[in-house]
Amino acid sequence: MTPSAKRSRTSTRHTGVAAAVALTAATALLAGCSSSDTSDPLAGDKAAKGTVVVGSNNFAESTLLADIYGEALRAKGIKVDYKHNIGSRETTYGMMKNGAVTVLPEYNGSLLAHLDPKAAQDSAEAVNEAVLAKLDKELTLLTSSPAEDKDSVAVNAATAKKHGLTSESSLADLKDIAPGLVIGGSPEFQTRRQGLKGLESVYGLTFKSFKALDAGGPLTQSALTKNTVQAADVFTTDPAIVKEGFVVLKDPENLFGFAQVTPLVRKDGLPPEGAAALNDVSAKLDTETLRELDARVQLEKKDPLDVAKDWLKSVGLD
């Protein structure tokens with residue numbers, strides 16, 4: 001599968017382009033309070049010697065991940081500053097290259113699509129190898145976590161109960177069920193390979209009908225909750241999954257590509273014990289955990305820094 005087939009809303013979520021502005025404007029106020037840093041996040045000055053600057057893009061999950069990374073580093077005695085809510089990948093990647101930011105939570109497949117839109121994404125390992133080949137020479141990736149924030153097909157609680165679907169079920173389990181289900185998503189989901197075309201060609205799924213909604217936003221969530229649609233395209237870490245009891249179906253054929261949370265770091269700015277600390281975070285972080293942490297921040301309105309500290313303590317990384 002090629003990155004050109006990746007959903008445009010995945011790019012929005014992970015780069016903060018125009019369609020995300022309305023959402024991120026609201027989350028930025030909450031996200032910004034998670035750090036004591038009050039400097040201009042767009043400042044281009046290099047990180048002070050002996051200080052690791054952890055940056056984030058301008059959406060809530062990126063801020064939370066940055067706080068997790070930063071507090072894991074502080075637990076190892078490393079001096080940390082934060083630059084939260086910087087903006088899109090174009091800006092954050094530039095700040096990584098010029099040394100203004102030392103560590104950034106990234107999504108491997110989305111980063112590859114930014115660096116090389118034509119690159120194939122056949123496996124997680126191949127994605128990381130391709131990213132490493134395209135990265136600025138001063139930058140590298142650490143270990144990717146199992147946690148992924150990407151497109152998925154989810155069914156509502158009623159549909160899951162009716163058909164015995166669980167979080168261990170896969171898209172293949174919909175083959176005999178799909179003809180009786182209405183599926184929803186953004187208009188382009190109907191015509192893209194990472195949408196209805198791929199669901200049919202890869203998994204043999206033919207749905208009763210398609211309902212055009214938004215890109216995994218409130219219209220989609222409402223339609224699933226009200227059973228206007230029984231299945232829909234949602235992000236795998238969307239807190240609505242927790243709130244509404246949606247069931248995300250596994251994608252064993254990787255139709256929706258790869259978006260593993262991965263530390264992007266400057267080679268000259270992070271000591272070995274810091275790299276080890278971030279790799280330890282990756283080993284503990286999976287999609288279900290990240291979804292639950294997102295829910296604490298976005299639904300329960302908890303400070304992401306507090307959520308980060310609590311989680312690190314719970315897994316023995318504080």
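# Questions on a predicted structure

Q: Leaving aside its neighbours within four places in sequence, which residues is T262 in contact with?
A: Leaving those neighbours aside, T262 touches Y69, L104, P105, E106, N108, L141, L142, T143 and S144, where contact means that heavy atoms lie within 4.5 Å. The model is a predicted one, in which local features need pLDDT of at least 70 and side-chain atom pairs count only at pLDDT 80 or more, while totals for chains, interfaces and linings use all residues. Residues are numbered from 1 along each chain as its sequence is written, and side-chain values use heavy atoms, with hydrogens and water left out.

Q: Why is T262 called buried?
A: Buried means a relative accessible area under 20%, exposed means over 50%, and partly exposed is what lies in between, with a 1.4 Å probe and protein chains only. The relative accessible area of T262 is 0%, so T262 counts as buried. This residue lies in strand β10; strands are DSSP runs of E with at least two residues, helices are runs of H or I with at least four, and both are numbered from the N terminus.

Q: How many helices and strands does the protein have, and what share of its residues count as buried?
A: The secondary structure comes to 13 helices and ten strands, and 55% of the 318 residues count as buried. Among contacts between residues at least 6 apart in sequence, 79% join residues at least 24 apart.

Q: What makes L224 a buried residue, and what is in contact with L224?
A: L224, which lies in helix α9, has a relative accessibility of 0% and therefore counts as buried. Apart from neighbours within four places in sequence, the contacts of L224 are A154, V155, N156, V229, Q230, A231, A232, V234 and F246. L224 and F246 are 22 residues apart along the chain, and their C-alpha atoms are separated by 8.2 Å.

Q: Why is the aromatic pair of F189 and F256 described as stacked?
A: A search of the whole structure finds two aromatic pairs. One of them joins F189 and F256, with 6.5 Å from centre to centre and 15 degrees between the planes. Rings of Phe, Tyr and Trp (its six-membered ring) pair if their centres lie within 6.5 Å, and planes under 30 degrees apart count as stacked, over 60 as edge-to-face and the rest as tilted, so this pair is stacked. The pair links distant parts of the chain, 67 residues apart, with F189 in the loop between β6 and α8 and F256 in the loop between β9 and β10. Both F189 and F256 are buried.

Q: How do you know that K150 lies over the face of F258?
A: K150 is at 5.9 Å from the ring centre of F258 and lies over its face. A charge sits over a ring if NZ of Lys or CZ of Arg is within 6 Å of the ring centre and within 35 degrees of the ring normal.

Q: What makes α3 oblique to α13?
A: Helix α3 (residues 60–74) and helix α13 (residues 304–314) pack at an angle of about 50 degrees, with their axes 8 Å apart. Axes are lines fitted to C-alpha atoms, for helices over the stretch in contact, and angles run from 0 to 180 degrees between N-to-C directions. Angles under 35 degrees count as roughly parallel, over 145 as roughly antiparallel, 65 to 115 as roughly perpendicular and the rest as oblique, and that is why α3 is oblique to α13. The contact involves residues including T63, L64 and D67 of α3 and P304, L305 and V307 of α13.

Q: Why is α3 called roughly perpendicular to α12?
A: The axes of α3 and helix α12 (residues 287–298) come within 10 Å and cross at roughly 110 degrees, which means that α3 is roughly perpendicular to α12. On the α3 side the contact is made by A60, E61, L64, L65 and I68, and on the α12 side by L290, L293, D294, V297 and Q298.

Q: Why is N227 called partly exposed?
A: N227 has a relative accessible area of 37%, so N227 is partly exposed. This residue is found in the loop between α9 and β8, and its phi is near 70 degrees, a positive value in a residue other than glycine. Most residues other than glycine have a negative phi.
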